Amino acid sequence: MLKRILTLCIALCLSIVVTLPLGLTVSANGSLSSDTVVTKENADQIMEYLGLDPSNLISSDTISDDSVEPVTLGELQQALVQLEQSPKEVITTENFNSLATQTNSNFCTGLKMLYYTTNLGGSFDLSYEVAANYSWNKYTSANNATVSVNNNTDNPLISFTIASKDVGAKVISNGEKVEMKATVKVDSWLTLFNTGLVKVTTTTVNTTKEWNTTQGGIPGCI
C-alpha cells in the first residue's frame, strides 16, 4: 500500500510541472508560458519568476496602453539575459601626445568644445563634452564637463539612466592638454508592459581622456 501511494505521489508531481523552451516552467493549467502576455495583473508573478523583486518596480507615467506594444514573458526573459551580461565595471583611458603644427590664424583666442564617446562594445556608451578656452596655441581653462548615456540597443524593453556622475576637466602640461576624469554609474532597466520599470544592473565606468591642441582643433598661431 505504501509503495502504491508513493508511486501515485510521484506521478502527480510530474503532472504538475511542465518544462517549456527558454527554461520556462508552467503549471499544468498553463498559467505561465513563454507566450504569456505581460499585464498589470500578472506583473508580480512574472517578476518573481524571472528572479526580480516586485517591490523594486517603479511606476512610470510615460507607459500607457497606447505607447507600449504588448510583450510576452519570453521577450522579457531575452531582454533580461542581455542586461545581465553588462559588466560591473569598465575602465577606459585615451592619451595622445602629438602637438599642433603652427600656422597663421585670425582666431588665436577662443572657445572650443571637446567631445569623446566611450567605445564599451556593449548595449550602451557614454558621450562626454568639455568646454575649453584657448589662447595662442595653449589651453587656458576647461569648464562645464558633462556626460550623457546612449542606448545602443533596438530593444524597446531596455533602457539606461545615469545614477550618479563625477566628471571634471582641467588644463595640464603647461596648457598643451586638457584632461578629463570621470566616474559614472549607469543603471540598466527592464520595461514591464503598462506597469513600470525595474532596475537590473549597475555598471561603473571610469574614464580618463586627454585632448591635445591638435585634437581640440586649436589654431597653431605664430
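How many salt bridges does the structure hold? The structure holds two, a salt bridge being a side-chain nitrogen of Lys or Arg within 4 Å of a carboxyl oxygen of Asp or Glu. The model is predicted, and local features need pLDDT of at least 70, side-chain atom pairs count only at pLDDT 80 or more, and totals for chains, interfaces and linings use all residues. Residues are numbered from 1 along each chain as its sequence is written, and side-chain values use heavy atoms, with hydrogens and water left out.

Strands (E, at least two residues) and helices (H or I, at least four) are DSSP runs, numbered from the N terminus. K138 counts as partly exposed because its relative accessibility is 31%; the cut-offs are under 20% relative accessible area for buried, over 50% for exposed, and in between for partly exposed (1.4 Å probe, protein chains only). E176 is also partly exposed, at 28%.

In the other salt bridge, the side chains of E210 and K177 meet at 3.3 Å, N to O. Here too the pair links distant parts of the chain, with E210 in strand 9 and K177 in strand 8, 33 residues apart. Both E210 and K177 are buried; E210 is assigned to this class because its relative accessibility is 9%. Side chains of opposite charge can pair when their charged atoms come close.

The largest nonpolar core has 40 residues. Such a core is a set of buried Ala, Val, Leu, Ile, Met, Phe, Trp, Tyr and Cys residues joined through side-chain atoms within 4.5 Å. L76, L126, Y128, V178, V184, L190 and W211 touch the most other members. Among the elements that each supply at least two residues are helix 2 (43-49), helix 3 (73-84) and strand 5 (124-135). Strand 8 gives the most, with seven residues. Y128 has contacts (heavy atoms within 4.5 Å) with residues including L114, V147, V167, M180, V184 and V205, not counting residues up to four places away in sequence.

Strand 5 and strand 6 run antiparallel and are joined by eleven bridges; two strands pair if DSSP finds at least two bridges between them. F124 has N151 in strand 6 as its bridge partner. The hairpin of strand 5 and strand 6 has two residues between the strands, and W136 takes a positive phi near 50° there.
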